[in-house]
Amino acid sequence: MEAASSAPGRAWVRAPMTLDGEPVGGIAARPGPGVDVADTDLAILRVLANQAAVALHNSYLFHAAAMLRGRTEELSEAAERQARDLAARNAELAATQERLFGAMQRQALDDERHRIARELHDSVTQYVLSAGMTVEVCRAELEAQGGRAAEIAGRLATAKDLNRQAVERLRAAIYALHHTSEEPAGPLPVMLERLSIVHLPTDLDVRVRMEGSPVLLPPHAEQSILRLVGEALFNSAAHGKAGRALVRVRYRPEAVTVSVSDDGTGDPAQLRRALRLSRAADLSGRHRGLTNMVARAEELGGRLSIVRSGMGGVMVRVEIPLPVRTPREADDDH
């Protein structure tokens, strides 16, 4: 307790305010005229000073807590905004990836269409045109002979007309195959179903069978599988002379297996031998399709095999381990 004079006969009485032993202020009082300050008065003043110190400290803590709550709310709102922005960006990224995946799937189908269109133009159409020319030459020679030969020439005229219609249908098919598909993308089973009916040069009856729970594969893997299956089906139709084919996709936890079986005349042993020769030194490119199929399987970390089909023809089988490795991993292996 301190006392200080401010006028004759008058004095100030002060009580320090302390908190945890540290001074934080004080209370000053000035007794009225003729008032003597007793020890009890000084004790009360000290109690008031200590209570005032505690009250001031509590007020400081209350305002600090209020400011902290306000700051916390601001940070929480900012975090929520950032979370919403991140969710929106993730949704945009997912939508972009889906569009890209769809474009890659459509591109795979379009590539098959263009390839088959080239095959039709460069081989089948030329054969039909040559047959038509031969029919016309024979018809002209028979017509010149008259009699029974003229009657046969009339029948050949009908054959010539049928040949012309066949050429027109081929050209229409080639035109359709060369135009980009506008079909929406879908999962691998759906794309295989579409592939089985759009690219074949014959009336090959194709069935697609799924086993297990489908797994969403990376876009590059599904694109490679589509092209591999397309190549195998074309070989069954064009070279194996098959009438039926079965595409089977089997999903397992550790791998996905894709096989194409047919009832054609192909010889698995001969194809395996041709594949070995093709990979060693394929100067003519005759078996480049088989080599490409093996390359696609190996890029996915898988293995291709050619065996006798239960349908009597050839079965091309590819087993791809899961998870599918990325193109960069395939490049690192080479």
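**The sheet and its surroundings**

Author: The accessible surface of the chain comes to about 20,600 Å², and 55% of that belongs to carbon and sulfur atoms. Such areas come from the Shrake-Rupley method with a 1.4 Å probe; for residues, only the protein chains shown count as cover. This is a predicted model: local features need pLDDT of at least 70, side-chain atom pairs count only at pLDDT 80 or more, and totals for chains, interfaces and linings use all residues. Residues are numbered from 1 along each chain as its sequence is written, and side-chain values use heavy atoms, with hydrogens and water left out.

The chain holds 7 helices and 8 strands. Both are DSSP runs numbered from the N terminus: helices are H or I with at least four residues, strands are E with at least two. Of the 334 residues, 32% are buried. Buried means under 20% relative accessible area, exposed means over 50%, and partly exposed lies in between (1.4 Å probe, protein chains only).

Two strands pair if DSSP finds at least two bridges between them. Strand 6 (residues 255–262) and strand 8 (residues 314–321) run antiparallel and are joined by 7 bridges. In this pair, A255 stands opposite P321 of strand 8.

Contact means heavy atoms within 4.5 Å.

Next, the loop between strand 7 and strand 8. S309 is found there. S309 is buried, because its relative accessible area is 5%. A polar atom of the S309 side chain lies 3.4 Å from the backbone oxygen of D262. Leaving aside neighbours within four places in sequence, S309 is in contact with S261, D262, V314 and M315.

Last, a residue in helix 1 (residues 39–145): E119. Not counting residues up to four places away in sequence, E119 touches V124 and F234. E119 is partly exposed, with a relative accessible area of 34%.

Technical notes:
A polar contact is a pair of N or O atoms within 3.5 Å; within protein, one must be able to donate a hydrogen and the other to accept it, and residues adjacent in sequence count only if both atoms are side-chain atoms.
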